[in-house]
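I opened this entry to keep track of what I looked up. The notes follow the order in which I went through the model.

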Amino acid sequence: MSSVTAGAPAPGRTSQETMAAPARSTPRAGRRRPLTVRRVGVGIGIALLAAFIFGPLLWLMLWAFAGVWHYPSLLPQSWSLSWWRQIFHYPQLVRSVGLSFTFAPIVTLVSAVVCLPAAYALARFPVPGRRTLLVVLFASNAFPKIGLYITIAGLFYALHLMGTFFGVVLIQLLGTVVFMTWIPAASFASIPRVLEDAARDVGAGRLRVFFTVTLPLAAPGIFVAMVLAFLASFDEAQGTFLVGVPNYVTMPVQMYSLVSDYPPQAAAVFAVLLSVPSVALMLLVRKHVLGGALARGFELR
Amino acid sequence: MDGLVIEHLSKSLGGRVVVDDLSLRVAPGDLVCLLGPSGCGKTTTLRMIGGFLESDSGTIAINGKDVTTVPPERRPTAMVFQNYALWPHMTVFKNVSYGLRLRKLAKDVVEERVVAMLRLVNLAEKRDRHPSQLSGGEQQRVALARALVLEPDLLLLDEPLSNLDAKLRVGVREEIREIQQRLGIATVFVTHDQDEALTISDRIAVMSGGRIEQYDDADGLYRLPRTSFVASFIGVMSTMPGRVGDGGFLLGASTAVVACPALASSPGIEAGVEWSVGVRPEDVRVQAGGEPTASVVKEIPHGHFKELVLRLDGDGSTALRAYVSSETPSTGRVSVSFARALLYRDGHLVHEVAASAPVEAAIGVSRAGVAP
């Protein structure tokens with residue numbers, strides 16, 4: 001390795017590129033300069049974005065393990081696990097963890113049962129007003145939810161759904177309908193119809209074709225939709241707060257009282273707990289999300 | 001056993017008549033090609049035979065049973081789709097065994113039949129691969145195996161070779177023909193490639209505008225195309241307006257007479273009537289000597305023969321194509337004569353001008369075999 005022969009490294013270059021430079025011919029190295037500047041720019045951009053996303057999380061983690069932390073110190077003056085102990089011994093908080101993990105899977109399943117047939121129909125049959133329906137579904141997420149929930153609350157009182165288990169499932173279901181329809185609909189639509197024809201040709205009835213050909217091929221998209229529905233239900237606070245309190249206080253609802261009634265450490269511990277399933281599930285499906293199933297789901301067709 | 005019988009089949013799609021009162025018979029064990037340009041209704045016809053499209057009117061019967069309203073899963077047909085339509089989430093074995101497993105056969109019977117079929121298409125060692133791991137030709141053979149393993153009464157092939165490269169296509173079509181003949185399975189093969197149709201079919205139905213123009217074997221189609229559409233679609237034919245006179249033809253605006261000795265043995269052709277005269281390139285005789293009647297515009301070598309594009313004297317519009325041996329000298333000015341010609345009026349064949357065949361009788365024979 002004779003990295004010295006390249007002469008002084010150009011400003012703005014990383015050491016790695018300087019090492020690599022002698023391997024290339026001189027004119028090419030000259031042409032690479034603007035690219036390097038661009039790379040540095042991109043690097044700075046990524047660093048800023050990472051700080052923007054992970055900064056608050058880092059701050060949250062610090063708080064979760066902080067004993068005493070006063071301004072202007074950059075790090076807590078003392079560390080402590082006491083809030084973790086307290087949270088796990090506080091029955092109301094433990095119950096809310098259990099409730100969150102009960103509602104989320106139930107809402108996900110109910111949502112799948114309700115939305116998947118609709119998604120299939122939208123993808124496969126010439127449903128009149130299909131496009132309008134998809135846009136309306138999307139638009140329902142565009143308005144402030146709390147207004148919608150207040151109106152629904154009126155309806156729920158009349159139907160005696162306030163404070164009931166079913167009422168909470170119903171209100172959480174609302175937030176999942178968009179993913180649970182759009183993403184699987186795109187998955188179903190992307191399956192060539194001829195694959196279904198081929199199965200019927202060799203003797204399979206419609207139902208069997210659906211379960212042996214269509215559903216397995218749409219599975220990645222459906223899986224992503226279910227994870228997103230799970231997370232939407234798991235994080236849902238406004239509607240649950242309105243409909244469920246005081247009988248059904250889930251983790252995100254509990255956050256409200258923690259933030260107002262307890263020191264920041266308690267809220268931080270709880271927030272960390274709340275983000276564990278989200279992070280775990282997102283890591284699980286990142287292949288499918290990056291692979292385009294999610295992007296495809298939001299294509300307007 | 002009476003094979004496939006289609007009667008008066010019609011279908012409109014989006015306000016356009018795609019299949020127009022079509023009737024067709026396929027004898028058991030025969031391979032029949034539906035040949036035509038894209039949009040002629042051949043694939044629509046095939047999809048109706050397979051049960052994927054409902055006909056507007058007409059009937060389809062297979063081996064005596066009316067299947068017009070029977071859904072695809074209960075028809076005794078098996079289809080090979082244009083893009084093979086293999087299920088990407090199943091292995092080769094699973095793809096081929098899918099239909100048999102539905103029929104509730106014992107596991108070892110399924111295994112035995114699938115393995116035998118994979119051996120037949122030369123894919124026994126690829127049984128645990130997924131379709132994406134196979135080449136185009138191999139996928140095509142899996143699709144064929146998947147259809148054949150069910151021992152259908154009727155095999156349907158929808159342009160099965162159009163996704164293969166030219167060299168592979170020739171090999172695979174011979175393979176398909178061989179397997180089809182070995183199993184003696186009645187087959188309908190859709191293609192737009194006349195070479196493909198001419199080489200593997202027992203009979204060919206040339207389609208245009210949702211109708212069958214002519215239903216005949218390869219030889220009949222080439223020798224006596226009954227309509228000018230078939231004449232232009234099958235092989236190469238030079239067609240030009242012309243009259244009979246002076247023992248030859250007066251073609252287009254040309255003033256020179258193109259000799260045709262066979263006219264002498266074809267009495268009863270009205271002189272002075274305007275025909276559409278069709279001549280195959282191999283029936284055009286080109287001589288350097290004699291009184292020149294045409295000039296050579298272009299010379300295209302084809303290896304063991306060459307193709308000449310000729311322009312008749314005094315006529316700028318018609319290009320006459322001739323196949324001549326490579327040794328034939330092609331100077332600028334030549335004399336041209338026809339050994340054989342076909343005369344059309346209103347798009348239909350009226351006379352065959354040939355030294356040997358009494359014309360009307362030959363056309364009569366070819367007509368007898370044509371579906372109404």
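**Around one leucine**

I began at B:L156. I set aside its neighbours within four places in sequence and listed the contacts of B:L156: B:L46, B:I49, B:G50, B:T77, B:A78, B:M79 and B:V188. I note here that this is a predicted model.

Next I looked up the cores. The largest nonpolar core has 108 residues. B:L156 is among those that touch the most other members, together with B:A143, B:A145, B:A147, B:V188, B:A205 and B:V206. Which helix gives the most to this core? I found helix α4 of chain B, residues 136–148, with 6 residues.

I then traced an open sheet of 4 strands in chain B. The order is β2-β1-β4-β5, and the pairing is antiparallel. Which strands stand at the edges? They are β2 (16–26) and β5 (65–66) of chain B. Each has a single partner strand, so one side of each is left without a neighbour in the sheet.

Strand β4 of chain B, residues 57–62, is joined to β5(B) by 2 bridges. There B:I62 stands opposite B:K65.

Helix α1 of chain B, residues 42–50, packs on the sheet. I found that α1 touches β1 (4–13), β2 and β4 of chain B. The direction of α1 makes about 120 degrees with that of β1(B).

**A helix of chain A**

I turned to helix α9 of chain A, residues 193–201. Its buried residues are A:L195, A:E196, A:A198, A:A199, A:R200 and A:D201. What do they pack against? I found α10 (206–235) of chain A, along with α1 and β6 (77–80) of chain B. After α9(A) comes A:G203, and I noted its positive phi, near 120 degrees.

**Two domains in chain B**

Last, I looked up the domains. Chain B is divided into domain 1 (4–225) and domain 2 (232–368). Taken over C-alpha atoms, the centres of these two domains of chain B are 39 Å apart. The contact takes 8 residues from domain 1 and 8 residues from domain 2.

Which helix gives the most to the domain 1 side? I found helix α7 of chain B, residues 218–223, with 3 residues. By class, I counted 5 nonpolar, 2 polar and 1 charged residues on the side of domain 1 that touches domain 2.

Notes. Residues numbered from 1 in each chain as written. Chains lettered and ligands numbered in written order. Predicted model: local features only at pLDDT ≥ 70, side-chain atom pairs only at ≥ 80, totals over all residues. Domains from an automatic or database assignment. Contact = placed C-beta atoms within 7 Å. Nonpolar A, V, L, I, M, F, W, Y, C, P; charged D, E, K, R; others polar. Pairing = 2+ DSSP bridges. Axes fitted to C-alpha atoms, helices over the stretch in contact; angles between N-to-C directions. Buried ≥ 20, exposed ≤ 12 C-beta atoms within 10 Å, placed from the backbone. Core = buried A, V, L, I, M, F, W, Y, C linked by C-beta atoms within 7 Å.
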